Amino acid sequence: MALRHAVLAALLGGDFSGYELAKEFGLGVANFWHAQPQQLYAELARLEAEGMVVGRQVVQESRPNKRLFRVTGTGLAELERFAAVPSKPSFIRDDLLVKVQAVDRLGTGPVIEQLDARAAAAEAKIELLSKLLVRLRGDADEEEFLRRGRPIGPYLTCRRGLAFEEEHRDWCRSTAAVLRERQVPGAEH
């Protein structure tokens with residue numbers, strides 16, 4: 001998957017400025033694709049040059065003017081082509097796992113600190129994602145929303161992000177607990 005597909009998918013939710021797109025990425029899309037704001041602006045420019053998105057200028061009186069982008073028919077066709085290609089299996093690539101793998105020779109103190117920090121970051125993300133799910137489904141309960149709610153795609157990817165963060169938090173906490181229990185007072189290796 002390329003960044004372009006994540007940008008096109010995010011723009012299916014409506015017209016977004018570059019700033020709004022970056023916020024959308026920070027909440028929803030970041031569950032499965034990370035990008036810096038400068039990367040998003042550069043990708044928007046490429047997509048516009050290729051005719052996959054179109055931008056329009058919005059004049060604002062009390063603020064600077066902004067450009068809003070939306071997906072074109074060409075962009076939608078690219079997303080359809082992308083959706084038809086079989087996805088590759090996902091994999092984990094995480095430097096913290098390398099540190100845990102090598103903890104028998106490295107010492108546990110710094111690794112435990114990093115596990116605790118990751119667990120706290122996951123907990124904060126869980127809170128954000130839980131609020132986003134409530135906002136996406138509105139007054140509907142989850143079962144009803146899963147049967148008939150719209151848009152379902154962002155909701156489902158948000159659920160996946162929430163499950164990932166919960167599992168990640170739990171793994172970090174349990175791994176840190178095992179390492180704490182195994183620590184010998186006064187020894188680091």
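The axes of helix H1 (residues 3–11) and helix H3 (residues 37–49) come within 10 Å and cross at roughly 85°, which makes H1 roughly perpendicular to H3 (a term for angles of 65 to 115 degrees). This is a predicted model, in which local features need pLDDT of at least 70 and side-chain atom pairs count only at pLDDT 80 or more, while totals for chains, interfaces and linings use all residues. Residues are numbered from 1 along each chain as its sequence is written, and side-chain values use heavy atoms, with hydrogens and water left out.

**H1 and H3**
- The contact (heavy atoms within 4.5 Å) is made by Leu 3, Arg 4, Val 7, Leu 8 and Leu 11 of H1, together with Gln 39, Leu 40, Glu 43, Leu 44 and Leu 47 of H3.
- The residues of this contact between H1 and H3 divide into seven nonpolar, one polar and two charged.

**Gly 55**
- Gly 55 is found in strand E1 (residues 53–58), and because its relative accessibility is 19%, Gly 55 counts as buried (under 20% relative accessible area, with a 1.4 Å probe and protein chains only).
- Leaving aside neighbours within four places in sequence, Gly 55 is in contact with Glu 48, Arg 67, Leu 68 and Phe 69.

**Helix H9**
- The buried residues of H9 include Tyr 155, Cys 158, Leu 162, Glu 165, Arg 169 and Leu 179.
- Among the elements that cover these buried residues are helix H5 (95–101), helix H6 (103–106), helix H7 (109–137) and helix H8 (142–148).

Methods:
Axes are lines fitted to C-alpha atoms, for helices over the stretch in contact, and angles run from 0 to 180 degrees between N-to-C directions. Helices (H or I, at least four residues) and strands (E, at least two) are DSSP runs, numbered from the N terminus. Angles under 35 degrees count as roughly parallel, over 145 as roughly antiparallel, 65 to 115 as roughly perpendicular and the rest as oblique. Ala, Val, Leu, Ile, Met, Phe, Trp, Tyr, Cys and Pro count as nonpolar, Asp, Glu, Lys and Arg as charged, and the others, Gly among them, as polar. Buried means under 20% relative accessible area, exposed over 50%, partly exposed in between (1.4 Å probe, protein chains only).
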